[in-house]
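Trainee: I have the model open. Can we go through a few local features?

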Amino acid sequence: HDLEDKVVGIVGMGRIGQRVAARLKPFDVHTYYFDYRRLSTAEEQLLGARYMTLGAIVPHCDVVSINIPLTPQTDGLFNHDLLCSMKKGAYLVNTARGRIVDTDALVGVLENGHLAGYAGDVWYPQPAPPDHPWRKMPNHAMTPHVSGTSLEAQKRYSDGIRDCLTCFLEGNSLERDFLIV
């Protein structure tokens with residue numbers, strides 16, 4: 001389906017959500033967003049996105065793109081009630097974390113035809129077991145958390161790992177940006 005003239009909702013307008021909005025701009029979509037922190041007017045104009053509450057954005061959109069971090073507040077956020085409030089025939093795209101979407105509720109809305117489809121690059125748990133219900137639900141496109149990994153990104157990952165190991169083996173400190181714990 002074409003994106004032109006569709007209504008797209010972005011849930012989470014941090015770095016990734018803003019990149020999604022920027023990439024949607026040439027497709028002449030009507031872009032709305034929800035985030036716990038509203039962008040400035042200038043940022044909204046630059047991205048061509050208008051703010052709406054989560055409850056208002058979901059029933060309004062043809063496509064909803066999830067780009068929020070997994071926190072106690074977002075764990076299971078897309079539950080049965082929120083999924084059922086989505087526009088009939090809408091698509092849900094989740095490139096954030098699998099646990100943000102309730103597993104069984106998603107299967108239900110796809111099996112009863114309420115949603116037209118689900119695309120995800122994230123599972124819960126990950127890796128998903130062979131009997132995970134998302135494997136057999138209708139109208140889905142799932143990848144094992146690799147859909148955004150270009151050859152250039154893979155090279156950056158491997159270079160970063162090599163640099164961290166070299167620093168460690170030579171007794172040097174890691175750069176602050178690479179510290180996880």
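Trainee: Where is the place of Pro-133?
Mentor: This is a predicted model, where local features need pLDDT of at least 70, side-chain atom pairs count only at pLDDT 80 or more, and totals for chains, interfaces and linings use all residues. Residues are numbered from 1 along each chain as its sequence is written, and side-chain values use heavy atoms, with hydrogens and water left out. Strands are DSSP runs (E, at least two residues), numbered from the N terminus. Pro-133 sits in the loop between β6 (117-120) and β7 (140-142).

Trainee: Is Pro-133 buried or partly exposed?
Mentor: Buried means under 20% relative accessible area, exposed over 50%, partly exposed in between (1.4 Å probe, protein chains only). The relative accessible area of Pro-133 is 34%, so Pro-133 is partly exposed.

Trainee: Leaving aside neighbours within four places in sequence, which residues is Pro-133 in contact with?
Mentor: Contact means heavy atoms within 4.5 Å. Asp-104 is 29 residues from Pro-133 in sequence, yet 7.6 Å away in space, C-alpha to C-alpha. With those neighbours left aside, the contacts of Pro-133 are Thr-103, Asp-104 and Val-107.

Trainee: Which helix holds Ile-161?
Mentor: Helices are DSSP runs too (H or I, at least four residues). The run in question covers residues 151-169. Ile-161 lies in helix α6.

Trainee: Is Ile-161 buried or exposed?
Mentor: The relative accessible area of Ile-161 is 52%. By the cut-off, exposed means over 50%. So Ile-161 is exposed.
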